[in-house]
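Hi,

Here is the structure I promised to pass on.

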Amino acid sequence: MKVIASSIRKGNVIEQDGKLYVVLTAENIHPGKGTPVSQIEMRRISDGVKISERYKTTDAVEKATIEDQNFNYLYKDADGFHFMNNDNYDQVQVAEDIIGGAAPYLQENMTVKLSLHGLVPVAIQMPQRATLEVVETEPVTKGQTASSSYKPAILSNGVRTAVPPHIGTGTRIVVMTEDGSYVERAKD
């Protein structure tokens, strides 16, 4: 399916020269003078090579036919990450380079959206938020209110983040899976 270059977004899969590429970043640049362009950074799915392309915003780009399906995360081993389709119980294995920075946030039985081209997983879409436990942080300061001063903390998945002063070790918090930033204290 042909689409114009300016409509390409992060996570889209495009076909170029018979190979599939997943879009890492897509930016439309409108200079004061000259033709607007779309700067697209993408990774070749077959071997993980990153390339950067520049298209005129009106150029036609071949968008690959991708099917998004919900999968449950099972486990990780030396071969990669294993997921199961909830509907037909099919299992797929996803390479580590496709999971990328989302790996620390994967939790057993977590439902994620996998983008499939045929039967090959090409991209993952995580839930926006994950609940994790603070395993290490500075002690709670008495009388300290939730001001704009945050303190460093290490979460149960090993990721470092910043939390408000009233959050102590052992507290379960909700974080954004995209960047690991603190959202709120978990309600469970």
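Predicted model: local features only at pLDDT ≥ 70, side-chain atom pairs only at ≥ 80, totals over all residues.

The protein has 16 strands and one helix. Its radius of gyration comes out at 20 Å, while the globule rule gives 16 Å for 188 residues, so the protein is more spread out than a compact globule. If you want dimensions, the C-alpha trace spans about 60 × 50 × 25 Å along its principal axes. Of the 188 residues, 38% are buried. As for contacts with a separation of 6 or more, 43% of them link residues 24 or more positions apart.

Now the sheet to look for. Five strands make an open sheet, and its order is β9-β8-β7-β10-β11, with antiparallel pairing. The edges are β9 (91–94) and β11 (120–125); each has a single partner strand, so one side of each has no neighbour in the sheet. On average, neighbouring strands here are turned by 45 degrees against each other, ignoring direction. Inside the sheet, β7 (residues 67–77) and β10 (residues 111–117) are joined by six bridges.

β15 (residues 172–176) pairs with β16 (residues 182–185) over three bridges, in the antiparallel sense, and Val175 sits opposite Tyr182 of β16.

What about the inside? The largest nonpolar core has 28 residues, and Phe83 and Leu106 have the most contacts within it. Elements that each supply at least two of its residues include β7, β8 (80–85), α1 (96–99), β12 (129–137) and β15. Another core lies apart from this one; it has 10 residues, including Ile8, Ile14, Met42 and Tyr55.

Last, the serine. Ser38 is in strand β4 (residues 37–44). Is Ser38 buried or exposed? Its relative accessibility is 1%, so Ser38 counts as buried, the cut-off being under 20%. Its side chain makes a polar contact of 2.6 Å with the side chain of Asn28. Leaving aside residues up to four places away in sequence, Ser38 also touches Ala5, Glu27, Arg54 and Tyr55, among others.

Cheers

Notes:
Residues numbered from 1 in each chain as written. Heavy atoms only, no water. Pairing = 2+ DSSP bridges. Helix = DSSP H or I, 4+ residues; strand = E, 2+ residues; numbered from the N terminus. Axes fitted to C-alpha atoms, helices over the stretch in contact; angles between N-to-C directions. Buried < 20%, exposed > 50% of the residue type's maximum accessible area, 1.4 Å probe, protein only. Polar contact = N/O pair within 3.5 Å; in protein donor to acceptor, adjacent residues only side chain to side chain. Contact = heavy atoms within 4.5 Å. Core = buried A, V, L, I, M, F, W, Y, C linked by side-chain atoms within 4.5 Å. Rg over C-alpha atoms; globule rule 2.2 N^0.38 Å.
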